[in-house]
Structure formats: structure tokens, C-alpha cells
Amino acid sequence: MVRVGLAACDPDGILATPVKTLSRDMKKNSDVKVVVKEAAARGAVQIFVGLPRTMKGEEKASAEMARNYAAVLVAQLQTAELNVPVHLIDERLTTVSAHQALHKAGVNSREHRKVVDQVAAVEILQHAIDMQKARNANVGQAVRTSAPGVVGTAGTSEHEEESTISTQIGVPEETIQAP
């Protein structure tokens with residue numbers, strides 16, 4: 001089962017916190033609809049989607065899954081008439097780091113599955129927040145559309161905005177590798 005961890009930050013863009021873990025629903029995209037609802041309710045100004053890469057920086061099947069997820073998210077945001085940019089951001093080692101943090105916090109290994117994607121989403125978002133503040137510019141690859149209702153490709157971003165929501169797409173348990 002593929003899971004999506006959701007995290008958000010405060011309105012000042014200082015601290016990322018966990019929100020929830022969603023089960024990925026590729027047929028109905030109910031999880032994407034929840035992310036859109038959260039973005040609307042929280043007044044999100046930017047969304048980050050974790051992009052899993054290998055340690056060599058290569059993209060495999062899980063990266064393609066994240067890119068597709070981001071494209072669906074952009075389309076759903078447009079349908080909801082929300083002008084919230086979506087950025088893909090490197091998430092190497094976030095799941096490994098999340099498991100380590102949970103272990104150090106004394107969370108039972110069996111309980112990790114329930115929250116590991118949220119913890120990883122928090123790490124992705126906090127990293128993005130910190131990088132944006134340090135660079136005073138957006139980070140990651142913007143997921144753009146070429147026309148209304150048509151999903152485009154990822155490119156670099158030019159606008160300065162605060163981050164608000166992050167998603168981390170987990171991979172099926174059988175295929176988990178260090179990102």
C-alpha cells in the first residue's frame with residue numbers, strides 16, 4: 001500500500017508539523033482531494049511534493065510516481081480554482097531519517113508505519129522552508145501547466161513565496177529502499 005504523508009507549517013513559515021497520513025487512491029484520487037481541501041482550509045501559498053531520488057541523484061519508478069502525483073495535484077488545484085504552486089523537492093533519506101527519529105523517540109517499530117510518512121513530510125517541508133529562507137527564493141522544481149486543464153512538466157521556479165504544505169509519497173512496503 002502506498003501512503004502519502006501530509007505536513008503543514010505555521011502562517012509565518014517557521015515550523016513544519018505533521019497533519020495526517022493518507023492512503024494513495026490512484027483510481028479516485030480521494031487523497032489528492034484531501035490535500036486540496038487542506039490547502040484551501042489552511043490558506044496554503046505553496047505545496048511541496050517529495051521527489052525520491054537514488055543516492056546518485058537518479059530517478060526510478062518512485063520518482064515517476066511522485067511526478068505523476070504532483071501533476072494530478074496541480075490539476076485538482078486548478079479544478080478547485082486554487083492558485084497554489086506545487087514544487088517537487090528532493091527527499092533523499094527522509095524516510096530513513098524519519099524511521100531513525102521515531103526509533104530514538106521510543107516509538108515501537110510496528111507503530112512506525114502509521115506515522116513515518118508524516119514525519120518524512122515534516123522533514124521535507126522543514127528542509128524546504130529553511131532553504132527558501134537561506135536563499136530568499138523558492139526551491140525545488142515548479143510543476144507547471146501549459147494551458148488550463150493540461151498538466152505540464154516540472155521546471156525551475158521564479159516567485160518568492162512561503163511554504164505551507166508538504167506531501168511525502170511512500171512506496172509500497174515491499175519496495176522500500178533508502179531514497
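**A tour of the predicted chain**

Among the contacts in the protein chain with a separation of 6 or more, 70% join residues 24 or more positions apart.

Now select Ile47, Val49, Leu73, Leu77 and Val86, the residues that touch the most other members of the largest nonpolar core, which has 22 residues. Two or more residues of this core come from each of β1 (3-9), α1, β3 (47-51), α2 (61-79) and β4 (86-90), and α2 supplies the largest share, seven residues.

Centre the view on Val86, whose contacts, leaving aside neighbours within four places in sequence, include Ala70 and Val74 as well as Gln141, Ala142 and Val143. Then select Cys9, Phe48, Val122 and Ile129, which are among the 13 residues of a second, separate core.

Finally, colour by pLDDT, for which the mean of the protein chain is 76, with 68% of its residues at 70 or more. Helix α1 (residues 30-42) has the highest mean among the elements, 95, whereas strand β6 (residues 150-156) has the lowest, 37. Residues 146-164 lie below 50, although this stretch has 57 contacts in the model beyond near neighbours in sequence. Residues 170-179 also stay under 50, with 21 contacts beyond four places in sequence. Where pLDDT is low, the predicted coordinates should not be read in detail.

How values were computed. Residues are numbered from 1 along each chain as its sequence is written. This is a predicted model: local features need pLDDT of at least 70, side-chain atom pairs count only at pLDDT 80 or more; totals for chains, interfaces and linings use all residues. Side-chain values use heavy atoms; hydrogens and water are left out. pLDDT is the predictor's confidence in each residue, from 0 to 100. Helices (H or I, at least four residues) and strands (E, at least two) are DSSP runs, numbered from the N terminus. Contact means heavy atoms within 4.5 Å. A nonpolar core is a set of buried Ala, Val, Leu, Ile, Met, Phe, Trp, Tyr and Cys residues joined through side-chain atoms within 4.5 Å. Buried means under 20% relative accessible area, exposed over 50%, partly exposed in between (1.4 Å probe, protein chains only).
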